[in-house]
Amino acid sequence: MNNVILIGMPGCGKSTLGVLLAKSLGMTFLDTDLVIQDREHALLSQLIRTHGSDGFLALEESICAQLDVNNSVIATGGSVVYSQAGMEALKRNGDVVYLAATYAEVEKRVTNITTRGIVLKHGCSLQDAFAGRVPLYEQYSDYTVDGTGKSIEECVEEIVGLFR
């Protein structure tokens with residue numbers, strides 16, 4: 001196993017779970033949202049406002065295509081699945097785990113849409129994004145872990161079991 005790539009909706013636990021998963025597997029942790037912020041010297045919400053959704057998605061694709069890491073758990077931004085090229089680059093470097101959650105769970109956890117930096121196409125709601133992204137998460141994933149009603153630790157254990 002080279003890398004474990006986590007995909008899923010904002011609020012599904014990619015970043016929180018990713019840190020614990022990396023510790024459990026003896027890997028390093030990388031969050032592509034933080035890589036973008038570091039490279040661009042701006043918050044995600046600012047980048048989305050400045051560049052628009054399409055400009056931000058191009059930036060996200062570029063970051064994912066350029067990642068050169070090994071033995072890492074990589075938490076991606078929820079919108080990464082909009083880029084076929086970005087997802088193909090990620091899949092060449094590891095196994096993709098979709099952290100699934102119900103819309104109700106996502107809605108409960110994501111209370112700061114504007115400041116969090118979530119890509120929503122003009123006129124679309126979080127529920128619209130959910131409906132559009134779930135088929136893409138399913139398409140690109142090698143494994144699916146449904147976190148609905150489970151603790152972060154239970155999800156980590158389930159993922160560790162996939163790779164041991």
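**Backbone, rings, sheet and spaces**

Trainee: Where does His41 lie?

Mentor: His41 lies in the loop between H2 and H3. Helices (H or I, at least four residues) and strands (E, at least two) are DSSP runs, numbered from the N terminus.

Trainee: What should I know about the source before we go on?

Mentor: This is a predicted model, so local features need pLDDT of at least 70 and side-chain atom pairs count only at pLDDT 80 or more, while totals for chains, interfaces and linings use all residues. Residues are numbered from 1 along each chain as its sequence is written, and side-chain values use heavy atoms, with hydrogens and water left out.

Trainee: Back to His41. What is its phi?

Mentor: Near 55 degrees for His41, a positive value in a residue other than glycine.

Trainee: Is His41 buried or exposed?

Mentor: His41 has a relative accessible area of 71%, so it is exposed. The cut-offs are under 20% for buried and over 50% for exposed, with partly exposed in between (1.4 Å probe, protein chains only).

Trainee: And Asn71, what is its phi?

Mentor: Phi of Asn71 is near 55 degrees, again positive in a residue other than glycine. Asn71 sits in the loop between H3 and S3. Its relative accessible area is 38%, so Asn71 is partly exposed.

Trainee: New topic, rings. How many aromatic pairs are there?

Mentor: A search of the whole structure gives three. One of them joins Tyr98 and Tyr137, stacked at 5.1 Å centre to centre with 25 degrees between the planes. Rings of Phe, Tyr and Trp (its six-membered ring) pair if their centres lie within 6.5 Å; planes under 30 degrees apart are stacked, over 60 edge-to-face, the rest tilted.

Trainee: Which elements hold Tyr98 and Tyr137?

Mentor: Tyr98 is in strand S4 (residues 95-100) and Tyr137 in helix H7 (residues 126-140).

Trainee: Why is the pair of Tyr143 and Phe163 edge-to-face?

Mentor: Because the planes stand at 80 degrees, with the ring centres of Tyr143 and Phe163 5.4 Å apart. Tyr143 belongs to strand S5 (residues 143-146) and Phe163 to helix H8 (residues 152-163), so the pair ties together parts that are 20 residues apart in sequence. Tyr143 is at 28% relative accessibility, so it counts as partly exposed. Phe163, at 17%, counts as buried.

Trainee: How many bridges join S2 to S3?

Mentor: Four, and S2 runs parallel to strand S3 (residues 72-75). Leu30 has Ile74 in S3 as its bridge partner.

Trainee: And around S4?

Mentor: Strand S1 (residues 4-7) is joined to S4 by four bridges, in parallel. Val4 is bridged to Asp95 in S4. S4 also pairs with S5 in the parallel sense, over four bridges. There Tyr98 has Thr144 of S5 as its partner.

Trainee: How many residues of S4 are buried?

Mentor: Five of its six, so S4 is mostly covered.

Trainee: Which residues lie nearest the centre of the largest pocket?

Mentor: Pro10, Lys14, Ser15, Asp33 and Arg116, out of 25 lining residues. Helix H1 (14-25), helix H2 (32-40) and helix H3 (44-66) are the elements that give two or more residues to that lining. It divides into nine nonpolar, nine polar and seven charged. Ala, Val, Leu, Ile, Met, Phe, Trp, Tyr, Cys and Pro count as nonpolar, Asp, Glu, Lys and Arg as charged, and the others, Gly among them, as polar.

Terms used:
Two strands pair if DSSP finds at least two bridges between them. On a 1 Å grid over the protein atoms alone, a cavity is a set of points where a 1.4 Å probe fits but cannot get out, and a pocket is an open set with protein on both sides within 12 Å along at least five of seven lines; lining residues have an atom within 4 Å of a point.
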